[in-house]
Amino acid sequence: MTTAHAEAADGTLPHEPEKATLEGRNKVLAFWLFLGGEAVLFGTLFATFLALRNQTNEGPSAAELFHLPLVAAATFLLLVSSLTSVFAIQAMHRGNVAQLRNWLVVTVLLGLAFLILEIYEFSVYIRHEEFGMTTSAFSSAFYTLVGFHGAHVAFGILWISVLIGQLLYKGLTVVTAPKIYVSAMYWHFIDVVWVFIFTVVYLLGKVG
Amino acid sequence: MDWITTVDHKKIAILYLWAGGLFFGIGGIEAILIRIQLIKPMNTFLDAQTFNELITMHGTTMIFLGVMPVIFALMNAVIPLQIGARDVAFPFLNSLGFWTFLFGGLLLNLSWVMGGAPDAGWTAYTPLSGKGYSPSHGVDFYTIGLQIAGLGTLIGGINFLATIITMRAPGMSFMRMPMFAWATFITSAIILFAFPAVTVGLVLLTFDRILDANFFNVDGGGNPVLWQHIFWIFGHPEVYILILPAFGIISEVIPTFSRKRLFGYSSMVFATILIAFLGFMVWAHHMFTTGLGPVANALFSVSTMLIAVPTGIKIFNWLFTMWGGQVRFTTPNLFAAGFIPTFTMGGVTGVMLASAPADFQFHDTYFVVAHFHYVIVGGLVLGLFAGLHYWWPKMFGRMLSESLGKWTFWTFIIGFHLTFFVQHFLGLMGMQRRVFTYLPNQQFDTLNLVSTVGAFLMGVGMIIFLVNVFLTSRRPADAPEDPWEDGRTLEWTIPSPPPEYNFKQTPLVRGLDAFWKEKMAGHKAMTPAEPIGPIHMPSATILPFLMSVGIFIAGLGFMFSRDEFSSSMMSFLFNNYIVTALGLLITFGSMLMRSLFDDHGWHIEPEELEGGEQR
Ligand code: HEM
Ligand SMILES: [Cu+2]
């Protein structure tokens, strides 16, 4: 605790600034734990979805509904955003604040594009397919699982945007570095969840 | 104000204790009302609806709002001290966890004055908890209140995990950690993997009720049994969240008052881990009668019975610890000694219930009520009493009165057995649980009367405890560092109550029962692991409180978002989600503040340490 906020005496940052202080290490560890909990959360949502995915109650079924090219495009955007967040962390480890900032901005923009596609997708279902939250057990499970993921993306966008602001205002320090690192972990996690959604919800829905 | 902004784990412990005590009191009054209604056949003291609300709120309150915070109180008070840490890993989150828990609990209890409490049982089985059978807002208070309170529990769990992993004093390896710290560690891990499941369950039920979704609604293709799976995959691990801390407390108290090290320490550790693991595999033993089929029933039956093995190991280890020890029956140790047979009885009926064919007879009778009260009250509550009496001097610097403590013990435990022992027989004779009255001359009359008398006696025990607390609080705070004189672990090496920074110098741990080890080597104090230097402390903050207020407002806003109001202003505010948004704005705004303004904390300098700490 004593050295919690200390920076290297000459003002330069250590190679892995996110792990330079006990506070930073605690934060990274706790975030891993938190992601464990998140995994259970999404696991339960997936289980619910799998249990209810054929309960269409005479509403549209997955095979009728999903339009894979659109979803594939969204998937592509999100996967690339994971890559750009890796670039951001690499830039952070090189101590290059400008590159770090730029990659974070790119990540946020890609996330935003994904979110827009998702909102568009939902709006098509609701307006043209009469497929809303109340249509069937399948629809409830679909919107809840995919919507929860979307809400996570939205939160991530807000969070990383605040961190970009913080970076401009405070610079890269042993206090800001763990936050950026942890937000990148979060972003990867969301991406992994999406890969499962793409497989379990969309691909399985089309073929299974 | 000091209390609202504090991030000191020892003060947060006291907050948890007060809040837990408050809810425990409410739950206790509910229990007494239930028992008054059941004192004689065809009683008209309560009507059926009120009775349903009372049993629902009694179970919910006791489990989520009564005993959980008292467990958290002890953990917060003791864990950093036991592992030789100056603080928890995240003081800010610690405070946030408490406030979300409290506001969740308040929201739930608001239901009593805002149009009816939840009435579908603490398990909220669908479709009983659906809008069709429960049209009032009661169950909405349940889903949203528990959601908010559960958030606090999850935050607390993560905090303890990180604290125990990273903040242990030098030399304190995992296999030198006190059993209560182990219990906290494993309990927190269960919280981390069990609570998100109920989070989802509550969300789904909320969506069914407020957004007309179809998860559990058969008309729309939903599946009510899905709720039972989600609830119990959380609910069964939850009972281990409750009992493992009690095991931890007993494992501290018995060695201290036997002047012997805990028998079979490593087998205790592995039994704890095994119980936690098996706890996740057995949830469907609550659903034998649901119609899962013989194969599933057989598997869950066997896996449930397996849990008896590690549990038995623990019981024998406690007995072997006392065996041949210099046992002193202080109040804490009385409770610990009372715990062992009482909890064992609950375990035995548990194994009976785990036999699926037998469970078809026992299910939803008072036999089940007797079983879980033997484990929860006879196990956990006795354990908590042991822990409270044991650590009270460390938390408050004052010894509770021993003679009043013994009165508490005897009235409580006699009352307890009177209340619940006879319920086994009521159940076997066919009295159903959750019915608000029964017919005369079915041989239920006398036993119910006995049960109610017992409940009042337990109430008397509680009152004696409160009197003890009150009288003690008026005496000077002069408890010594090691008031029981045979303290074995690190918390007994520092003043009672401990200074804000806990340890002036982080201690060096040289073995299991670190303090005892030094005592045996003829030392009076721990060897420090570091020179005296400035100590960094986190600063107090109001943000966790504000964040929780925000969530509370958002929850209320969401709950009433589909209501008709007589005033158009109210309709405008609620039906357009303006109140919800306002609440979220407060929460996110506070998060933003937290992010923008770093907490640099402050330092306690060595000069202050020298003088300030001596008493
Ligand atoms: C003063 C002590 C207590 C008394 C007299 C008491 C009494 C009762 C009674 C009579 C019931 C049965 C209601 C029914 O199913 O018809 C009940 C249910 C229950 N009690 Fe207690 N209780 C006490 C303490 C506790 C404690 C400390 C806990 C938890 C830590 C607890 C947890 C429960 C639970 C979970 C239920 C099931 C509620 C339900 O099925 O809806 N009780 N209690
Ligand atoms: Cu169980």
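A backbone N or O atom of W122(B) lies 3.5 Å from an oxygen atom of ligand 1. That is a polar contact in the sense used here, a pair of N or O atoms within 3.5 Å; within protein, one must be able to donate a hydrogen and the other to accept it, and residues adjacent in sequence count only if both atoms are side-chain atoms.

| Residue | Atom of the residue | Distance to an oxygen atom of ligand 1 |
|---|---|---|
| W122(B) | backbone N or O | 3.5 Å |
| R433(B) | polar side-chain atom | 2.3 Å |
| R434(B) | polar side-chain atom | 2.7 Å |

The shell around ligand 1 draws two or more residues from each of α2 (9-37), α3 (48-82), α13 (366-396) and α15 (445-473) of chain B. Helices here are DSSP runs (H or I, at least four residues), strands are E runs of at least two, and both are numbered from the N terminus.

Before going on, some ground rules. This is a predicted model, so local features need pLDDT of at least 70 and side-chain atom pairs count only at pLDDT 80 or more, while totals for chains, interfaces and linings use all residues. Residues are numbered from 1 along each chain as its sequence is written, chains are lettered from A and ligands numbered from 1 in the order in which they are written, and side-chain values use heavy atoms, with hydrogens and water left out.

**Around the ligand**

Which element gives the largest share of the shell around ligand 1? It's α13(B), with seven residues. The shell has 23 residues, and H58(B), H373(B), I376(B), R433(B) and R434(B) come nearest; a residue is near a molecule or strand if one of its heavy atoms lies within 4 Å of it. By type, the shell divides into 16 nonpolar, four polar and three charged residues.

**Aromatic pairs**

Rings of Phe, Tyr and Trp (its six-membered ring) pair if their centres lie within 6.5 Å; planes under 30 degrees apart count as stacked, over 60 as edge-to-face and the rest as tilted. By this rule there are 81 aromatic pairs over all chains. One of them is F385(B) with F465(B), edge-to-face at 5.1 Å centre to centre and 80° between the planes. F385(B) sits in helix α13 of chain B and F465(B) in helix α15 of chain B, so the pair ties together parts that are 80 residues apart in sequence. Both F385(B) and F465(B) are buried, where buried means under 20% relative accessible area, exposed over 50% and partly exposed in between (1.4 Å probe, protein chains only).

Y438(B) and F444(B) are another case: their ring centres are 6.1 Å apart and their planes are at 70°, so this pair is edge-to-face. Y438(B) counts as buried because its relative accessibility is 5%, and F444(B) counts as buried because its value is 6%.

**A buried glycine in chain B**

G346(B) belongs to helix α11 (residues 331-354) of chain B. Is G346(B) buried or exposed? G346(B) counts as buried, because its relative accessibility is 0%. Leaving out residues up to four places away in sequence, G346(B) touches H371(B), Y374(B) and V375(B), contact meaning heavy atoms within 4.5 Å.

**Over to chain A**

Chain A has six helices and zero strands. Its C-alpha atoms fill a box of roughly 70 × 30 × 25 Å along the principal axes, and buried residues make up 53% of its 208 residues. Among contacts in chain A between residues at least 6 apart in sequence, 80% join residues at least 24 apart.

An unreviewed UniProt entry lists residues 29-53, 65-91, 103-120, 141-164 and 184-205 of chain A as "transmembrane region"; such annotations may be inferred rather than shown by experiment. In the model, residues 29-53 of chain A are 96% helix, with end C-alpha atoms 36 Å apart. Residues 141-164 of chain A are 100% helix, and their end C-alpha atoms lie 34 Å apart.

S140(A) is in helix α5 (residues 137-170) of chain A and is buried, with a relative accessible area of 0%. Beyond its neighbours within four places in sequence, S140(A) is in contact with M133(A) and, across in chain B, with A213(B), N214(B) and F215(B). Chain A also has an aromatic cluster, whose members include F138(A), F142(A) and Y143(A).

Notes. Ala, Val, Leu, Ile, Met, Phe, Trp, Tyr, Cys and Pro count as nonpolar, Asp, Glu, Lys and Arg as charged, and the others, Gly among them, as polar.
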